[in-house]
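Dear colleague,

I am handing over the structure below, and after it you will find a careful account of what was found. Please keep the view open while you read, so that you can look up each place as it is named.

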Amino acid sequence: VDWLTAFYFGSDTGKEGGLAKQGGLRKLVTENLGDIDARAVNSIPIGNAPDGTPIVVRPGRYGPYVEVGDRTASVPDELPPDELTVEKALELLDTPTDVVLGQHPDTGLDIVAKNGRYGPYVTEVQPEGSPEKPRTASLFKSMSLTTVTLDDAVKLMQFPRVLGIVDEEPVTAQNGRYGPYLTKGKETRSLASEEELFTVGLEQALEILAQPKQRGRAAAKPPLKELGADPVSGKPMVVKEGRFGPYVTDGETNASLRKDDDVEELTDERAAELLADRRARGPVKKAPRKAAKKAPAKKAVAKKAAPKKAAAKKTT
């Protein structure tokens, strides 16, 4: 309590150091609160444009966005703002927001490619006042706003594609926020690639839907690179893609690749060195779980016997 009091109100002795020596947090806030630039506080500097204009990232109502002078562009959800580079920021700013690709051959409606919060997509422009909801479709990862064509957009807008009817339920192939997938009633299964959306048939879809559903984790991915045997464990080493980046493993020990390590150029000697360093640091210590306290058992309260009523006197 004494330390917190000195931290907030300051201290005459100043032996606590820091803010206490400067008069406390209250003095700092009350005297300098008006000097705080909220816009500057919410700006993450990235660098400068070729003309010297600062490039910043700011949080917005609809997600983070990059700003250079009067120009702004949304930052896709899959791109963390702290990983944004000057080159990527300029690429986002130079990406056109609306690109008219042409007219749909069947409906005659204009097809427009746009850049949205969840990435680039194509949509049709409905006439003003039309009750119809415009069809939209996300671009494949191999596509971009600068290269997508009208033919690509028409193919994308056919999804969800009905493959057939089984047990009075439609089997469909469609693309979602987390990738391509199949659906039949409440059952869903992921597809390996977006291109399979065009080629998958009903028979193949039913085989995939019949497989057990992967719960909690995605299907195992092939290793990024296979190496020789580890000199300590004697087991083969492989490089895999992990949640926090690539790592090397012999099946018993996992070691993350360093910043300067390249997957393609990783040698057996370097992989063994990373595993040896990881073993030397010992296993990761986990905090012990606290046992849940059991509530004390309630003592049974003996019920008091109801008092006996006095027998009524009989009248003679």
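**A hairpin turn and its surroundings**

E168 counts as exposed, at 78% relative accessibility, where exposed means over 50% relative accessible area, buried means under 20%, and partly exposed lies in between (1.4 Å probe, protein chains only). Before going further, please note that this is a predicted model, in which local features need pLDDT of at least 70 and side-chain atom pairs count only at pLDDT 80 or more, while totals for chains, interfaces and linings use all residues. Residues are numbered from 1 along each chain as its sequence is written, and side-chain values use heavy atoms, with hydrogens and water left out.

E168 lies in the loop between strand 9 and strand 10, and phi of E168 is near 60 degrees, a positive value in a residue other than glycine. D167 is found in the loop between strand 9 and strand 10, has a positive phi of about 55 degrees although it is not a glycine, and counts as exposed at 62% relative accessibility. As background, most residues other than glycine have a negative phi, and most peptide bonds are trans.

The two strands on either side form a hairpin, with 2 residues between strand 9 and strand 10. Strand 9 (residues 161-166) and strand 10 (residues 169-176) run antiparallel and are joined by 5 bridges, and G164 has V171 in strand 10 as its bridge partner. Here strands (E, at least two residues) and helices (H or I, at least four) are DSSP runs, numbered from the N terminus, and two strands pair if DSSP finds at least two bridges between them.

In the loop between helix 5 (150-156) and strand 9 lies P160, and the peptide bond that joins F159 and P160 is cis, with omega about 0 degrees.

Elsewhere, an open sheet of 4 strands has the order 5-6-7-8, with antiparallel pairing. Its edge strands are strand 5 (98-103) and strand 8 (136-138), each of which pairs on one side only. Within this sheet, strand 6 (residues 110-116) and strand 7 (residues 119-124) pair in the antiparallel sense over 6 bridges, and the bridge partner of I111 in strand 7 is E124.

**Aromatic pairs**

Rings of Phe, Tyr and Trp (its six-membered ring) pair if their centres lie within 6.5 Å, and planes under 30 degrees apart count as stacked, over 60 as edge-to-face and the rest as tilted. By this rule the count comes to 4 aromatic pairs. One of them is the stacked pair of W3 and F7, with 5.4 Å centre to centre and 10 degrees between the planes. These residues are 4 apart in helix 1 (residues 2-9), so W3 and F7 are separated by about one helical turn. W3 is exposed, with a relative accessible area of 53%, whereas F7 is partly exposed, with 30%.

F140 and F198 form a tilted pair, 5.6 Å centre to centre and with 50 degrees between the planes. Because F140 lies in the loop between strand 8 and helix 5, and F198 in helix 6 (residues 196-199), the pair ties together parts that are 58 residues apart in sequence. F140 is buried, with a relative accessible area of 3%, and F198 is partly exposed, with 31%. Ring pairs link F140, F159 and F198 into a cluster.

**The chain overall**

The secondary structure of the chain comes to 8 helices and 16 strands, and of its 316 residues 27% count as buried.
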